[in-house]
Amino acid sequence: MTDAGAAAIEQAELGPVGGTAAATPPIPGVAAGGGWGLVLRSSLRFGRTRLGLVIVVVIVLVAVVGPFVAPYSPYQFVAAPYAPASSHIVLGADELGRDVLSRFLHGGYVILILATLATVLGVGIGTIFGITAAYRRGALDELIMRSFDVLLCFPAVVFALLLISVLGSKLWLIVVAVALTHAPQVARTMRGAAVQLTGREFIGYTEALGIRTWRVVFGEILPNVTAPLTVELGLRMTWSIGIVASLDFLGFGRQPPAADWGLMINENRAGLTIQPWGVVAPVIAIALLTIGCSLIADGLGRAAAGIEREVDTSREP
Amino acid sequence: MVEQPLVSRSSTPPRRIPAPLLKFVLRRIVLGVVIMFVISILVFVATQALPGDAAVAKLGRAATPVALAAFRAHYHLSEPAIEQYFSWLGDLLQGKLGYSLSAPESVTTLIGQRIGNSVVLLLFASLIGIPIAIALGIVSAKRRDGVFDHATSFAILGLAGLPEFVIGISLTLLLATNVVHILPATSLLNPQQSIWSQLKLVLLPAFTLAIAIAPYIVRMTRASMIEALESDYVAMARLKGVRERRVLLRYAFPNASAPTFQAIALSLAYLMGGAVVVETVFQYPGVGLALVSAIQNRDLPTIQALVLLITLVYLTVSIAADVLTTIMTPRLRTQMK
């Protein structure tokens, strides 16, 4: 491919192909020396990021502490189906007469665990392959990036559904499927950040010493790209929650009678006009969680871009 | 750049596609075909791995061995996998998508009408979402750092991460059931009637998708408009006394439109995935809902056909977007050698 062609594609592919869209933050350069700690700290200067953090902490607390404070078992029948809210069932009953509040309190932590695992796995795979591609260049680079290009052609949900249609809906498969939808885009970003490093002297030095690829990748390059890595983690977490919850909603995630926010929305939709709480409570929780994550991811992106700018100006004579 | 032939040196030389650009376009198309080929192998291998016997699945457990053998022979099921793949691919290229395992019709008839319905849905989502998103982006850029800009960017940030089904269910709560009831909550189209006579059923899913794609377009438009508004030619136009409206729409926007266009194309490609969830939320009989039901019924030929169809559209839109962006951006166009 000509350089111009590649440049055109880079230009053309500025945005996340598969995502709703928080615009991809500018790739922070190498020089973001402070790493993730500095990015996190400077992101907290933004009021929005603090708001996002508060929202996420509240929802995570509800999901984690919830199962211990729930008034009933999530499987216990406590009232008539779609019984309205009353003094002993604060949010009413669901389509089978189970307590909506108890099911709501039990229904969040699995989504959080799956989304976190998928994010860590996806960003991990993407980072390792992206950095290795940037460091080794040549045929390996082409092979890695072109393989990821193929994965990029599947919309995220469709790719996950394809895997699930083959292997059945299993929780580990959801983690792997969601992770694989993240990996290509992460690899692209991390490759972009790492390529700027590979020409630097300390990398040349390690080459002269004959140090192995994996040690250069993990020991030398990775510590210098933690700023874009942090941004990717924030962004990918938002989308992981969305995809995991969507799969639950479509009925390909956790199976009944499990208490799960995505599944609850699907189960209680028929009673929307009579007893909306079975739908409203989990919808609000998922909405707040993704909004909070978006706000944090945006703050991280701004912070990383800002750090780069500060370093850049300081370098000028 | 290619030398223009001497003959055409009139006041308006005929426009020709420069050779480097043509080469770039051809490369993208060839690469796209290669990727599609790889994807067809992936989809075939993946669906081959499914446990269970397709013949038994289609004909039922009570089928006689003779019937099963005939079925396997007809669908090449007992041949080696590679031969099966090529006969499958050959049929596919001729438009023969095989027979649905769960419905007594061919996959082509099964998804034919669904494709039309999905196209109408995506069309409406784009017609509603894109103009509003571009307008919001332009106004935000114009009133940069003002109240409107901050409010928009905050709202956009909140909407950007929301899963489509959350948007869909929220709209249902607001517009179709609990708060006000002005639109139907489900979009069960009557297949006997033309979709154009049932447009009310298309609105709610279209709104949902419009909201899902808007944030990215708003952001890209705003960013590229801000860049354009800071340029010398905009300053010059303003100094000449050109009206602000004209400065925005005639001077700044055309120069800022390439990234916006790119964002729109990516959003259209993205809609293919979003449609799967949104069509299920509203039970809208499109390609996405067909995919979800095919997976629930483990209907292999239909899953294969739909996944290939969706990725084909996705890939085509991305390539078209790359090519058009390159043509629209003089900097990228002239860099080519």
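Predicted model: local features only at pLDDT ≥ 70, side-chain atom pairs only at ≥ 80, totals over all residues.
What percentage of the 337 residues of chain B count as buried? I looked that up to get started, and the figure is 40%.

**Chain B, overall**

I went through the secondary structure of chain B and found 13 helices and zero strands. Written out along the sequence, the pattern for chain B is α-α-α-α-α-α-α-α-α-α-α-α-α. I also checked the contacts in chain B with a separation of 6 or more, and 69% of them are between residues 24 or more positions apart.

**Chain B, domains**

Next I looked at how chain B is divided. Domain 1 covers 19–93, and domain 2 covers 111–336.

**Chain A, overall**

Over to chain A, where I again looked up the elements and got 13 helices and zero strands. From the N terminus on, they run α-α-α-α-α-α-α-α-α-α-α-α-α. Of the 317 residues in chain A, 56% are buried. For contacts in chain A with a separation of 6 or more, residues 24 or more positions apart account for 75%.

**Chain A, two helices crossing**

I picked out helix H5 (residues 109–136) and helix H8 (residues 171–198) of chain A. Their axes come within 5 Å and cross at roughly 35°. The crossing of H5(A) and H8(A) is right-handed. I jotted down the classes in this contact as well: 24 nonpolar, six polar and two charged residues.

**Chain A, helix H9**

Is helix H9 of chain A, residues 201–209, largely in the open or largely buried? The number buried among its nine residues is zero, so H9 of chain A lies largely in the open. Just after H9(A) I noted A:Gly210, which takes a positive phi of about 75°.

**The largest nonpolar core**

This core has 176 residues, and I wanted the ones that touch the most other members. They are A:Ala160, A:Val244, B:Ile213, B:Ile217, B:Leu291 and B:Leu306.

I followed two of these up. With neighbours within four places in sequence left aside, B:Ile217 is in contact with B:Ile130, B:Ala133, B:Ile134, B:Gly137, B:Thr260, B:Ala263, B:Ile264 and B:Ser267.

B:Leu291 sits in helix H11 (residues 287–296) of chain B. I counted 29 other C-beta atoms within 10 Å of B:Leu291, so this residue is buried. Not counting residues up to four places away in sequence, B:Leu291 touches A:Leu161, B:Val276, B:Ile303 and B:Leu306. I also checked B:Leu291 against B:Thr280: they are 11 residues apart in sequence and 9.7 Å apart in space, C-alpha to C-alpha.

**One last residue**

Is B:Ala235 buried or exposed? This residue has its place in helix H9 (residues 232–239) of chain B. I found 12 other C-beta atoms within 10 Å of B:Ala235, so it is exposed. From B:Ala235 to B:Val34 I get 47 Å in space, C-alpha to C-alpha, with the two 201 residues apart in sequence.

Notes
Residues numbered from 1 in each chain as written. Chains lettered and ligands numbered in written order. Domains from an automatic or database assignment. Helix = DSSP H or I, 4+ residues; strand = E, 2+ residues; numbered from the N terminus. Buried ≥ 20, exposed ≤ 12 C-beta atoms within 10 Å, placed from the backbone. Contact = placed C-beta atoms within 7 Å. Core = buried A, V, L, I, M, F, W, Y, C linked by C-beta atoms within 7 Å. Axes fitted to C-alpha atoms, helices over the stretch in contact; angles between N-to-C directions. Left-handed = near helix turned anticlockwise from the far one by under 90°. Nonpolar A, V, L, I, M, F, W, Y, C, P; charged D, E, K, R; others polar.
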